[in-house]
Amino acid sequence: MTTKVYVTGVGMVSPVGVDTKSTWKSLLQGKSGIAPIVSFDTEGFATTIAGESPEFEPTAYVDRKQARRLDRFAQLAVGATAQAMEQAGLDLQDGIVDATRVGSVIGSGIGGILTLSEQWGVLHEKGPDRVNPFLVPMMLADMAPGQVSILYGAKGPNYCTVTACASGADSIGIAAAMIRRGEIDIAIAGGTEAPICPIAVAGFNACMALSKRNDDPEGASRPFDAGRDGFVMGEGAGVLIIESEESVVRRGVTPLAELAGYGASSDAFHVTQPSPGGEGGARAMVNALAEAGMEPSDISYVNAHGTSTPMNDRLETEALKAVFGDEAYKVKISSTKSMTGHLLGAAGGVEAAISVLTVSESAIPPTINLENPDPDCDLDYTAHHSQKGIVNAAMSNNLGFGGHNASLIFKRVV
């Protein structure tokens, strides 16, 4: 009999909230977190807007000395983890849970790019002797799950999945597979990213990926709208506590949702462009449905990848039509990136957490800024306003540079 996997806690830090409660409230209100960049001087940059979380304070979770030794992407992961563990009632020091059977699997697309870019400047301005001795452990992408493991005492497998914008979703899916195989009982899983720095913005501008709607920050991320001109980069972290049914019963906790299915695929087509017709993304959705033992008609809501780029939104719509058939016009869909921006490696973690909440809270956040729908994007994207109603199952899709596709399915617990 296949082991069931349940979500017992979620934690988020995002451009629309410093914690899960504030993030969820903002999303249901249709609030944008996109604003002029405050992290650095943007003079001369083609894009001067992003989704930042300036109110996040790492010392709410670790002491000041420890915070200075963590790149921001790891700080965000620690904050989201603390929230998720609190909601799950999980304390690895209490002797109730076997810490050796608790894994830490947190993905990041680009890791400690803030520290790396900053210390590159130190090297050239002040010389090699002035480079931070913590540069290497701060820049490594695996230091998000590594630091979480150290700080909270998770002694099971400790991985970082790096699959660009699918990193967070893949991490959750891989962690769930480890639970199903009986390797671990509980996993701290998700994604984190802190990419708002000059080199990252310049790099994404160079490949023509970012919106340049600088005069209208809150309206810049507009998935499925005919006027979309690129994605808006954001920072944040989303972490889930997932555990086996046996662990849930043993700990006496109430799950938020069941993690029913995970599917992954590769486009094997192009470094940055999705495959024609969204064929790769469609296969990931089909694989997730197969693992969940579900039909497309069983899905109530899809949290789309919905980046606000001309190609992604059209091809993802084609992929949804290929998988759902006539049901594609009936299922509720939204892109919460319209409010948070694109959190890169953290997107899959944050959007998985959002999908869990749609199931547990019976509410669907909207796609804002959808003022002039693209004729090629003609599905129900829950424009402008959130909707209340029972969500029996939610699918969360994430697609990444390199052809990575990942899909997760969360079911209502009855």
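A polar contact is taken here as a pair of N or O atoms within 3.5 Å, where within protein one atom must be able to donate a hydrogen and the other to accept it, and where residues adjacent in sequence count only if both atoms are side-chain atoms. The structure is a predicted model, in which local features need pLDDT of at least 70 and side-chain atom pairs count only at pLDDT 80 or more, while totals for chains, interfaces and linings use all residues. Residues are numbered from 1 along each chain as its sequence is written, and side-chain values use heavy atoms, with hydrogens and water left out.

By this criterion, the side chain of Glu351 makes a polar contact with the side chain of Lys337 at 2.9 Å, and a further polar contact of 3.0 Å links the side chain of Glu351 to that of Asn398. Glu351 lies in helix α13, which spans residues 347-361; helices are DSSP runs of H or I with at least four residues, strands are runs of E with at least two, and both are numbered from the N terminus. When neighbours within four places in sequence are left aside, the residues in contact with Glu351 (heavy atoms within 4.5 Å) include Asn303, Thr336 and Ser396.

Strand β7 is largely enclosed by the rest of the structure, because nine of its nine residues are buried. In a regular strand the side chains alternate between the two faces of the sheet. In β7 both faces are covered, with Gly236, Gly238, Leu240, Ile242 and Ser244 buried on one side and Ala237, Val239, Ile241 and Glu243 buried on the other. Two strands are said to pair if DSSP finds at least two bridges between them, and β7 pairs in the antiparallel sense over eight bridges with strand β1 (residues 5-13), where Val7 stands opposite Ile242. Strand β6 also pairs with β7 in the antiparallel sense over eight bridges, and here Ala189 has Leu240 as its bridge partner.

Phe224 counts as buried, at 0% relative accessibility.

Definitions and conventions. Buried means under 20% relative accessible area, exposed over 50%, partly exposed in between (1.4 Å probe, protein chains only).
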